[in-house]
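I would like to walk you slowly through one structure, from the whole chain down to a few single residues, so please have a look at the model first.

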Amino acid sequence: MTQSDAADQTKFYLEKAAMTKAYSGLSQEDKKKYLDSYGALLGMAPKYYAGYRKIPSQKLRGSADSEHTGAETAASAVDGNEDTFWHSNYGNGTKPNLSEGKNNSYTILLDENTDIGKLEYLPRKGGGNGVILTYEISYSTSETGEDFTVVTPRGNTWEDNDTLKSAVFEAPNARRIKVTALSTGGYPANTHISAAEFYLYEQYPVFASHTYASDLFLAESAKIKKDKNGAGQAISFIGNGEQRTFEKGIGMKTDVSVSWDLTGKKFDLFTAWIGIDAQVAPGLQASVEIYGDGKLLYVSDPLLSGYPAESVCLEITGMKKLEVRASGAGKEALVSLGDAKFMNQEDITEITLIQGESAAILANASLIPEDLGKIRWESDNPAIAAVNEEGRVTAVGEGRTVVRAVCSSKTVSCTVQVTKEPKTNQDETEPPKNEPGQDTKQEQTVKPKKVVLKKIKVQKKQAVVSWKKITDAHGYEVWMKKGNASFKKVKSVSAKKLKIKIKKLKSGKKYTFQVRAYRKDSSNKKVYGDFSKKKKVKIK
């Protein structure tokens, strides 16, 4: 939907109404696919969606309750050869009994614990005896034992033919996947079980590329709140026919405006739910206008308390300033922007952020399927710009550095310029007054010395990190990375603590640690010292 479409109110509402109606008629599975592509337009864009990567057959081992001899053993269903097949025993061995639920399962053992999200089943060529028609799927996180959890998807039925079939489910950290045949085709039916191949797919999250409006610089006041409504409570109103509560968003009172400086950020879309918060008593009314570089982009219908909120999606490519103005009768009409976010349609290779801001730089669209979800994020200087596993870049300290998304097909580099937080005048607050003879210049806080790591004591699935005391430090930050991933902050402690225990680490994996000290200046902002030398350990 273009700027001209959004500005034409009749066209805007007709197009959105048509899309909403089309969405309501879809099945649950199709709704999920629709939201992945068009959720932003309906105000329902997911935080992330699932991607799937096929696991090579050589990493799988198969076993069955019942198997024939020769070339028809259980191993033939995971050998990567679609011309061979597994068949249940039809000789003198153990035969399946589907009516009693005995000897009717096939188990796939993975070479390591993996998040599994999809299974494909290919019957023997020509179909015939043993095609699985209805089934149950379960998984175990251990290599042996009977600790299986059932995760059978809805509509657990396959057609009686030789075409490739699939089932989508969630089996986190699975080591074994079990397929239990409940009914099969053939002559006679429910007598045999067979399969040419079983394929498993790893599930991984593909994080939606968006930057929350509340993660960008915004001067909060008595009238404007981040991630809360104008009264400081959770943002909540009716969206798409149901009451919804939003973790992220902007809350504001009427007769006030909020704006974002988008210079150097290169966003393409702005999306949000806009309405009067559910906390407001019925009968109040407000309206919202959105401007881009001073040009009117959107005007809401009259917003009524107790009525559904509106979803809006606006093209803002090239704009340097976005402003939202709320007006209405009485300050009690709290206007909220639920799930307000900016989106980029292409990878951002250069961005300017203010200290404390967080933004997404990768659009995902340029990546091949094999790379989605398998990105290694790194920052040349996490003291300037840190990046987490979702690819969200956080501006830490003044300066310029490079953040990279590294995958098999390409490397996306983004130069990040971090500037100081601008000074703003807060409403309803008087500036501080100097006492007679007091120096009006703020005392400059000297950054603390570089931390010296003493040792890292490795224990079972945990590590104890200790360091030497830094005189005059107000606290310490401990940063960690697993393998080749990027560093992330795991703990911030007071100056009294000189060691911490980090739990829930993965056995056999290598972790790298570093620590830095900080002091707080007169405005309570942190001034950081240099990071300690890095220390790498392998967890038991």
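The chain has three helices and 37 strands, where helices (H or I, at least four residues) and strands (E, at least two) are DSSP runs that are numbered from the N terminus. Please keep in mind that this is a predicted model, in which local features need pLDDT of at least 70 and side-chain atom pairs count only at pLDDT 80 or more, while totals for chains, interfaces and linings use all residues. Residues are numbered from 1 along each chain as its sequence is written, and side-chain values use heavy atoms, with hydrogens and water left out.

Of the 540 residues of the chain, 46% count as buried; here buried means under 20% relative accessible area, exposed means over 50%, and partly exposed lies in between, with a 1.4 Å probe and protein chains only. If we take the contacts (heavy atoms within 4.5 Å) between residues at least 6 apart in sequence, 70% of them join residues at least 24 apart.

Three strands form an open, antiparallel sheet in the order S24-S27-S26, and two strands are said to pair if DSSP finds at least two bridges between them. Strand S24 (358-360) and strand S26 (385-387) stand at the edges with a single partner strand each, so one side of each is left without a neighbour in the sheet. Neighbouring strands of this sheet are turned by 25° against each other on average, direction ignored; the axes are lines fitted to C-alpha atoms, for helices over the stretch in contact, and angles run from 0 to 180 degrees between N-to-C directions. Three bridges join S24 to strand S27, residues 392-395, and Ala360 has Arg392 in S27 as its bridge partner.

Gly249, found in strand S14 (residues 249-252), is buried, with a relative accessible area of 1%. Which residues does Gly249 touch, if we do not count those up to four places away in sequence? Among them are Ser214, Lys225, Asp227, Ile235, Leu337 and Ala340. Gly249 and Tyr212 are 37 residues apart in sequence, and their C-alpha atoms are 7.5 Å apart in space. Leu314, in strand S20 (residues 310-315), is also buried, with a relative accessible area of 2%, and its C-alpha atom is separated by 5.5 Å from that of Leu269, which is 45 residues away along the chain.

I will finish with the backbone. Most residues other than glycine have a negative phi, and most peptide bonds are trans. Asn173, however, has a positive phi of about 55° although it is not a glycine; Asn173 has its place in strand S7 and is partly exposed, with a relative accessible area of 40%. Lastly, where is a cis peptide bond with an omega of about -10°? That bond joins Tyr187 and Pro188, and Pro188 is found in the loop between strand S7 (165-184) and strand S8 (194-195).
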